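Good morning, and thank you for the time. I would like to take you through two regions of one model.

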Amino acid sequence: MIYTRCILEGNLLKKCDLYKSSKTSSGWSKPSIISSLSGDYTVKQPALGEVAGQPALFFASNMNGGYGGYDIYYAIQNRSGSFDAPINMGAAINTFASEETPFFNDRDKTLYYSSNGLPGIGGFDVFASTWNGASWSTPENQGLGINSRVDDLYYSVSEDGYNGMIVSNRPGTTS
């Protein structure tokens, strides 16, 4: 299991890092930080997937050298199970604003994520991009139904592709 652990100062987010823990016959192992992805920045919202046929971890981060806000990065998982240095997904995916909540669909090799820097319907909209073997496709807005006039994040789709989930602050939802 790979997850985000954050430190707050009062009500303000100070920093987040990614941790991993393994299920054993006696329960979950002690969490350990993924050191190759940590630093003086926030790393959050991990999603397992693949890039060029190699296992990878997608995540959002505000590390130096990005395009602005939070960017989507990935890190290849090597044979030992650890992760290589993070790679920014570049201007095809990232904008001057924030890209967050990546989800990789193994069935159709599509990366879904939310952005508030690409033209959209509301605040954060869900976009999709696929790997063609050399680069990621131009992100496609997933349209009304998935997106709304407010924020739509954490999109995920079932293995069969017929069901999905989303987190949204649409009117009429409860908090």
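**A loop and a hairpin**

I begin with Asn-94, which counts as buried because its relative accessibility is 4%; buried means under 20% relative accessible area, exposed over 50%, partly exposed in between, with a 1.4 Å probe and protein chains only. Please note that this is a predicted model, in which local features need pLDDT of at least 70 and side-chain atom pairs count only at pLDDT 80 or more, while totals for chains, interfaces and linings use all residues. Residues are numbered from 1 along each chain as its sequence is written, and side-chain values use heavy atoms, with hydrogens and water left out.

Asn-94 sits in the loop between strand E9 (87–88) and strand E10 (99–105); strands are DSSP runs of at least two residues, numbered from the N terminus. Its side chain comes to 2.7 Å from the backbone nitrogen of Ile-72. Beyond neighbours within four places in sequence, the contacts of Asn-94 (heavy atoms within 4.5 Å) include Tyr-67, Asp-71 and Glu-99.

Ala-97 belongs to the loop between E9 and E10 and, at 14% relative accessibility, is also buried. Residues up to four places away aside, Ala-97 touches Gly-68, Gly-69, Tyr-70, Asn-116 and Gly-117.

I turn now to the hairpin. Strand E14 (residues 152–157) is largely enclosed by the rest of the structure, because 5 of its 6 residues are buried. E14 pairs with strand E15 (residues 164–168) in the antiparallel sense over 4 bridges, where pairing requires at least two DSSP bridges. Ser-156 is placed opposite Met-165 in E15. Between the strands of this hairpin lie 6 residues, and Gly-161 adopts a positive phi near 80 degrees.

Conventions: A polar contact is a pair of N or O atoms within 3.5 Å; within protein, one must be able to donate a hydrogen and the other to accept it, and residues adjacent in sequence count only if both atoms are side-chain atoms.
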